[in-house]
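Please open the model in your viewer and keep the selection panel at hand.

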Amino acid sequence: MTMNKVWDKLRKHNQANYRQFKFCISFSVLLISSYLMMLFSPLVQNTLPVGGDSRKQIYMIFGIAAVGCIIFVLYTTGLFYRYKSRELGVFLALGSDKGKLTKATLVESAKLVMGCMAAGIVGGCVTALIIGKIFEMIASEANDNKFALSFEGLSGSLIYGIVIFLLVLISLTRSLGRSNVLEIMNQQRKQEPIKNMVTVRYLALGIAMLIIGVFLAAILPGIVLRATHHHMGIWTNLFYLLALVGLYRIMVYSIASHRRGRNPQKYYKNVISYGMLKFQGRSIVRNMLVITLLVMGGLFAFYYAPMSYSGDKSDFYEAGYHYFYSEDTDEVTETEVREMAGKYGVEIENYREGEFIQIVGDGMIRENFDAKGNLIEEYAERYAAYQCISVSEYEILTGEKVAVEDGTYIMIVSSGSHENLYNQFGTMEKLYMYNSGENVSMEYTGNVIYESLVFRWAFDEDMRCIISDRDYALLKEGLPQEQILRQVLFDTDNNEASLAFSNELYREFVLRMSDNMKVPGAYNSVRHEVEGDDYGYNYPAVYDADNPARETDWRYAPNFIYLSASNGFLQRAVFFLMFLYVAVICLAAVGIVSYTRSQSVGLGSKQVFDDLKKLGANNRYVSRLLKTQVKKVYVLPTAIGCVGMFAFETLLLHQNDGGLDAYEFRALGISFLLTVAVVFYQYLIYRISMRRVTNILGLSA
Amino acid sequence: MLNVNHLYKSYQTGNTTYEVLKDVCFKVEEGEFVAVMGPSGSGKTTLLNCISCFIGYEKGEILLKDMDLSILNEKNIAKVRNEDMGFVFQDFMLLDGLTILENVCIPKVIKAEPYRLMEEKAKALMNMFGILEIADKYPGEISGGQKQRTAVARALMNDPLLILADEPTGNLDSRSSEAVIGAFLEAQRELNATTFMVTHDSFSASYCDRVIVMKDGRIFKELMSNGNHRAFLEQLLNVLRNLNGGEDDDNE
């Protein structure tokens, strides 16, 4: 019998602990590795816009998941060491050389973690490859990018694995460094009590830190930006750390502070449970915090779909088909539209056409910040070619009467149009007559909502306005054909063939447009004229006549709701799937962390439960205690995670433009349902955990 | 109070059967303080575990105030343990997260009794055993003797018919042991408590009214004290010496 054989035998005896340790480390590396592989694949990298919000959000959630997994790994390591410590203590007590013992333990652990790392990374690659290829297939109609494992993804996974490896070894070295044999032997039974009795002041400070942290990180920058036009910078995100500390204090309080107080009877009813929780101390709080963060990360990712659809107005459009083209184009006429529809058995309803003119006017450029973070507001004499319609023409198109005085204008906006720092109503103050170049002073008098006539964002160079018939006639004088736009609105009888009809109409529209219509969405002809070759949007429009599903970058893109409904998902499939994947990863981690913790809570309490049984507690009583212990792992973190994230999302939507519109309310409704689904998921994991631990403790009878 | 009649208990290991208790019979009267002694393997802890209903037995009967414990289901056994028995263990079994006062209250907490009476009773017992001043401390902050006196107070919370003590002084120094035995005697004097104690400690046992000495699963001898603690200790040591064939053993 050699020491190695003894180690082997002990390892076999403690197989369950080894299995749990290996599973948790491998799983953490697998999650992060697959995340990185997906994130750095060409499919995702080439799809997510550089510097865009979606990219930032994905990185942010990655940060949460990575930190959560690291805390979880450290917890698992601590748990593993607790099992090992008794063996080590016995060896030490029997005269084993501490240096040799430490070395042997570290070498064994290093081998284990390296194996887990390799398994995790390989598992991560395989998972990402399978999921990535599925993404690619789903999105292929609208996205040419391919999924592939990348060097960046692999390096990131390796770095993460090495970080985990080092952290585990450092943590073990610290634990093994203890000189006292008894301390090492008793490690298995050692609890991590929260030493100082936490007070109401401790809680109040925690709540204050949470509120102040969120306020300083999420609300204050918006207020400062609106009030002073000063961008405070990304450093304000550091205040989220303050919120995190506040959250930690709230959780510590929930575990540690139970007093006899005004309801002693209730206190005594739960006193055993309180005592048990208090003695699990910091480790349960750390776990609760990780679960909270991961629930928040998962929900944030889940919310992406409804939030991005908050801009989808298809339910609110007054006309199912709306598009415009310049008059110099030989575009599809009403007769041709009706003939084409007839071919598919589709009936055109409520067809109407109207005329807009594109007139150059002044405006304010608000795009960049100076070195100090202040918004640069630059007045431009010639800012954009605004799309104007006369009062009479507007009435023909919409059937709505509006009153517009000469020299004034009304903006056509959507119900979701709100002013913010960049977008403000009525910034245009004059329009230029085409022939003479003289200007006509224009005064902004208000807005009218007509979703199907809103052009892109409705502000600045995208502004459409209604002017008086006299001003319209004056400004139209001498205007070339390409500056006169024909707006078409109609509906169909909601026939099944409407989709096929829409596809053909889309194709025809693309094939027949003039060259001046082949410009990208953000193209501003006036800025192009002023800035010359430096102008950034001077590139060809992106569209595909044969594939309306392909995401476009095209100023004249027609809007057919049958196509949007059918292709909307495909166009953003990679975004949705990536966020869905992230959400699933976070929730899988939540499930594993909650399950593992509840098992160790249950099993760690076995001795106490046995003692209580000897003191006369029956199975029902002990089961109730167990339930309280396990519930603590789930209820508060899930509640804080869900309520916190939902509130945060509402706040973000509100911060966008200082209000919530109908689309945003709809998005919040869907988000709420997703939140309920996450709560249900947690409940399910709780039930599974309870059943398992009840069986192990023999309390099921 | 306690009647043990013709009790048999054995363990099966592979094909071998080990008889641990063989035809054990004795009685414990109300208000009596009885100790069980004997060398390791004599069956004294098994006997205590049978009486506590922690383990079953093959033959015989155990009656606690004429109640046959072997026919009770899990729920009723728990009720008996909570209300009719009080336990004191060698390793105290206090809950680390609770204060001393709260630990003493546990039997009544399990019973969900009103808190006022519970606290009054706990404080009275703690006062009796000299641990009232540590009421707000946690088990980690007090000595072994104080822990065991806390356990004795806890055992008495529901006025049990019988206190079962398993090596209550086994983890204590002589001074603490005396204090714990003092607590049992105080309980006997003031509350007419009946105590059945398994011990290796002759000195502690010498304070009892009666000592049952066991050997190889049977009762070897029963010794009655005449009230003279010194003389009873001498008598006890002599019996234990004879039991070991004239050798002193670890029972001292």
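**A helix pair, a strand and a chain contact**

Begin by selecting A:Val337, A:Met340 and A:Ala341 in H13(A), which meet A:Phe501, A:Glu504 and A:Leu505 in H16(A); contact requires C-beta atoms, placed from the backbone, within 7 Å. Helices (H or I, at least four residues) and strands (E, at least two) are DSSP runs, numbered from the N terminus. The model is predicted: local features need pLDDT of at least 70, side-chain atom pairs count only at pLDDT 80 or more, and totals for chains, interfaces and linings use all residues. Residues are numbered from 1 along each chain as its sequence is written, while chains are lettered from A and ligands numbered from 1 in the order in which they are written.

Now display the whole of H13 (residues 334-343) and H16 (residues 498-512) of chain A: their axes come within 9 Å and cross at roughly 140°. Those axes are lines fitted to C-alpha atoms over the stretch in contact, with angles from 0 to 180 degrees between N-to-C directions.

Next, select strand S1 (residues 321-326) of chain A, where six of six residues are buried, that is, with 20 or more other C-beta atoms within 10 Å of their own, C-beta atoms being placed from the backbone. A:Tyr321, A:Tyr323 and A:Tyr325 lie on one side, and A:His322, A:Phe324 and A:Ser326 on the other.

Finally, show both chains: their contact takes 20 residues from chain A and 23 residues from chain B. On the chain A side, H11(A) gives the most, with six residues.

Terms used: Contact = placed C-beta atoms within 7 Å. Buried ≥ 20, exposed ≤ 12 C-beta atoms within 10 Å, placed from the backbone.
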